[in-house]
Amino acid sequence: MRWVRWSLATQLLLLVGSVLVLTTTLVLVLAIVQARFIIQDDVTGRNAVLTDAASQLLAAPLATGDRAGVERTLSVVVRDEGLARASVLDAAGTLVASTGEAAPGDPADFAQDLDFARAALHDSQRRSRSTEEHFDLAVPITQDGRTLGIVVGESDFEAAADKVDAAIPQMLAVSLLVALLGGVLVWLIARYFARPVRELALTASAIGQGQLDAPLPMRRGGEIGALTTAFQQMVADLRAARAEGMKQHNTLEARVAERTTDLERTLAELHAALSEREQLSTAVRALSSPVVPVLEGILVMPLIGVIDSERASILVASLLRAIEQHGADMVILDVTGVPLIDTQVARVLLDAIAGAQLLGAQTVVVGVRPELAQTIVGLGVDLSHVITQSDLQSAVSYAMQAARGSA
C-alpha cells in the first residue's frame, strides 16, 4: 500500500491534520447552526417582551383615540434593536396604525398579518406564529378588563441571519488559523516522535549489518526515551557478547593451534614408532623363518610358532631364495615348533615342497607329532608323496645317504 511507504511524520501529519480539519469544520458548522438557533430564540424573546410592553403602553392612547400617541409608541418599539414591524388594530378589527419595514408596502403579507391579528382579537388571546423568515406575536390590549384592540409585533430572522452570515468569514478565518496552528503543532509532534524512531531504525539497520560500533541515538523521557534506553541496553549486551565471543574464539584458536602442534608431534612419533615396528617386524619375520645350511647341498628350515598368510608367503620366498643361493639338493622342514597344523599350514607345506621340487631340491618334513598327524588326517590333506622323518637327526642322515647315493 502507498500509505505504508510514507514516513511516520507524514502519516502522523496527514492523519492528525485530517482529523483536525474535519473537527474544526464540524465545530464551525455546529457553531453557525447553534448561533442561528440562539439568535432566533433571542429575537423571539425580545419580541415577546417588546410586544407585551407595547400592549400596556398602547392602552391609554388607544382608549382615548389618540392615533398620534399610538404611532409614537409603535415607533419606540420598532427600531434597529427592536421589532421589525408593529401594527395596532382597535376592537372592531380596524387598522389604527402600522409602522416598520413592510408597512404597508407588501399588501399580501400585510393582509396575512391583519388576518392573523383579527383571529387573535376574536379570541382575545395571545397568538404566535413562526416561519423561516420572521416571528409574529399578537397580544391583546386591555384596560379595566375590556379588550381595546390588539398589537402585532413581527421580528425578522433575516437580519439576524445576515449578521451570522457576515460573521462566517471571520469564523472561517479563525478556523483556518486554528487548523494552521494545529498543523504546525502536529508537524512538530510528528518530528518529535518520528525523528528518534527514524534514528533508531537507521541504527538498527546498521547493527543488523554487524556495525555494532554505530553511534546510538540519545533521547530521554517518555515512551520514546524508554525505547531508546532499552535499545541502547540491547546494543551494549550485543557488544559485550561479541567481545566475549571474540575472546572465546581467540582462546579456542590458541587451543586448536596448541592441540594441532601436539597432534603433529604425536603423529610424527607414531610414524617413527610404526617405522621402527615395521623394521622390527621385518627382522622378526626374517628370524622366524631362518634357513640354515648344515651340510653342502643340505638346508634346514625350522618352523616355530603360528603360521599366518603373511608369514607363509615370507616362508616360501625365503626357502626358494635359499635353495637358489646355496644350490641345495635337499631341504629339511622341521615343524616341531608349530603348535597347530590346519589346512592353511598344510597348504604352505605343500607350496614349499612344490616350489623346492621345481628348483630341483627334495624336501623332508620332520617333527610331526602324533596329535599333528591326527589333525592332518582329520583335515583330509594328502601328504603321502611327502618324505617324513621322526626327528632332525634322522632327516640329516637320510639326506647324507641320499647325497652319497646320487654321487
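Let's start with aspartate 136, which is buried, with a relative accessible area of 0%. Keep in mind that this is a predicted model. So who does this residue talk to? Its side chain meets that of arginine 129 in a salt bridge, 2.6 Å from N to O. Arginine 129, on the other hand, counts as partly exposed, at 24% relative accessibility. The cut-off for buried is under 20%, so with its 24% arginine 129 falls in the partly exposed class.

How many salt bridges does the count come to here? Seven, by the rule used. Let me walk you through two others from the model.

One of them joins arginine 127 and aspartate 123, and the closest N and O atoms there are 2.4 Å apart. How accessible are the two partners? Arginine 127 is partly exposed, with 35% relative accessibility, and aspartate 123 is also partly exposed, at 32%.

Next comes arginine 118, which forms a salt bridge with aspartate 115. In this pair the closest N and O atoms are 4.0 Å apart, and the cut-off for a salt bridge is within 4 Å. Why are these two residues about one helical turn apart? Because they sit three residues from each other in helix α5, which covers residues 107-123. Arginine 118 itself is partly exposed, at 36% relative accessibility.

What is the strand order? Five strands form an open sheet, and the order reads β2-β1-β5-β4-β3, with antiparallel pairing. At the edges we find β2, residues 95-100, and β3, residues 127-130, each pairing on one side only. From one strand to the next, the twist averages 10 degrees.

Let me zoom in on one pairing. Strand β1, residues 85-90, runs antiparallel to strand β5, residues 146-156, and six bridges join them. If you'd like a landmark there, look for arginine 85, which stands opposite glutamate 154 in β5.

And what packs on this sheet? That is helix α4, residues 67-77, which touches β1, β2 and β5. The direction of helix α4 makes about 30 degrees with that of β2.

So, to wrap up with two things to look at on your own screens: the buried aspartate 136 with its salt bridge to arginine 129, and the five-stranded open sheet with helix α4 packed on it. Thanks, everyone!

Conventions. Residues numbered from 1 in each chain as written. Predicted model: local features only at pLDDT ≥ 70, side-chain atom pairs only at ≥ 80, totals over all residues. Heavy atoms only, no water. Pairing = 2+ DSSP bridges. Helix = DSSP H or I, 4+ residues; strand = E, 2+ residues; numbered from the N terminus. Axes fitted to C-alpha atoms, helices over the stretch in contact; angles between N-to-C directions. Contact = heavy atoms within 4.5 Å. Buried < 20%, exposed > 50% of the residue type's maximum accessible area, 1.4 Å probe, protein only.
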